[in-house]
Amino acid sequence: MNRFGFALTLPIFALAGGLAVAQVPGTRLRGTVERMEGSTLDLRAADGRQFKVALAPGFSTGGVVPAKASDIAKGSFIGVGAKPQPDGTLLAVQVMIFPETQRGTGEGHRPWAVLPDATMTNATVAETVAWVDGANLVLSYPGGEQKVAITPEATILMAAPAEASELTPGAQVAMTASRQADGSYSTSRVTVAKSGAKLPL
C-alpha cells in the first residue's frame with residue numbers, strides 16, 4: 001500500500017500527480033489533509049470546501065520535492081507545463097523531473113488544460129544552456145522538439161518516495177479522484193508535497 005509510484009494523479013503528468021501523461025478522467029483535488037480515518041482521507045481545499053476521499057485498496061503514495069534548474073541535465077526526461085511565447089518558444093510555468101524508471105511516460109507535446117492556452121511537453125532534454133537561476137532547453141520527442149525557457153518564476157519539482165504514514169493533518173496533497181454516487185470521492189494515488197515543495201498544478 002505504501003509503494004512508491006509517483007503518479008501526479010493530475011492531468012499534467014502521469015507519473016500524479018500524475019505530474020505525466022495525457023488528460024486522465026476524474027476530478028483533480030488539491031488541499032490540506034484534515035484527518036485520515038481508516039481508508040478515508042478528509043481534505044480541505046484552498047477555497048474552504050471539504051472532501052471525503054476513499055483510498056482504494058493498494059493505493060500508492062508519492063512525493064514531490066523542490067528542485068532547481070541546475071538539476072535538469074542533458075538527457076533528463078522531464079514534463080514541462082508552459083505558456084507559448086510570440087516567437088514560438090515556450091515559457092515554463094512548472095517543470096517535473098521524472099525518475100529514470102518513468103522515462104517515456106506520456107511522451108509528446110499537447111494542450112495542458114490546467115491553464116488557458118498552455119501546453120504540456122514530456123520529452124528528453126536534448127540541449128541545455130544554463131544561466132543564473134534558469135536555463136534554456138531544447139526538448140526532443142518522437143516527431144518534434146520544443147524550445148523552452150525556464151526562469152526563476154517557474155516551479156521545478158522532482159519525484160521523491162513517500163509513505164502513507166505521511167498523510168497526516170496539515171500535509172499538502174494532490175490527486176485525481178473519481179466522484180461517487182454519494183458525493184464522496186475515491187482515488188488510487190496520492191501525491192504529497194514534501195520539504196517545502198509546492199503542490200503541482
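How many aromatic pairs does a search of the whole structure find? I found two, taking rings of Phe, Tyr and Trp (its six-membered ring) as paired if their centres lie within 6.5 Å, with planes under 30 degrees apart stacked, over 60 edge-to-face and the rest tilted.

I note that this is a predicted model, in which local features need pLDDT of at least 70 and side-chain atom pairs pLDDT 80 or more, while totals for chains, interfaces and linings use all residues. Residues are numbered from 1 along each chain as its sequence is written, and side-chain values use heavy atoms, without hydrogens and water.

**Aromatic pairs.** I looked up phenylalanine 51 and tyrosine 185: the ring centres are 5.6 Å apart and the planes at 75°, so the pair is edge-to-face. Phenylalanine 51 lies in strand β3 and tyrosine 185 in strand β12, so the pair ties together parts 134 residues apart in sequence; strands are DSSP runs (E, at least two residues), numbered from the N terminus. Both residues are buried (under 20% relative accessible area; exposed is over 50%, partly exposed in between; 1.4 Å probe, protein chains only). I then recorded phenylalanine 77 and phenylalanine 98 as a tilted pair, 5.2 Å centre to centre with 50° between the planes. Phenylalanine 77 and phenylalanine 98 are buried.

**Salt bridges.** I recorded seven salt bridges (a side-chain nitrogen of Lys or Arg within 4 Å of a carboxyl oxygen of Asp or Glu). One of them joins glutamate 166 and lysine 194, with the closest N and O atoms 2.8 Å apart. Glutamate 166 is partly exposed at 24%, whereas lysine 194 counts as buried at 19%.

Note on methods
Helices (H or I, at least four residues) and strands (E, at least two) are DSSP runs, numbered from the N terminus.
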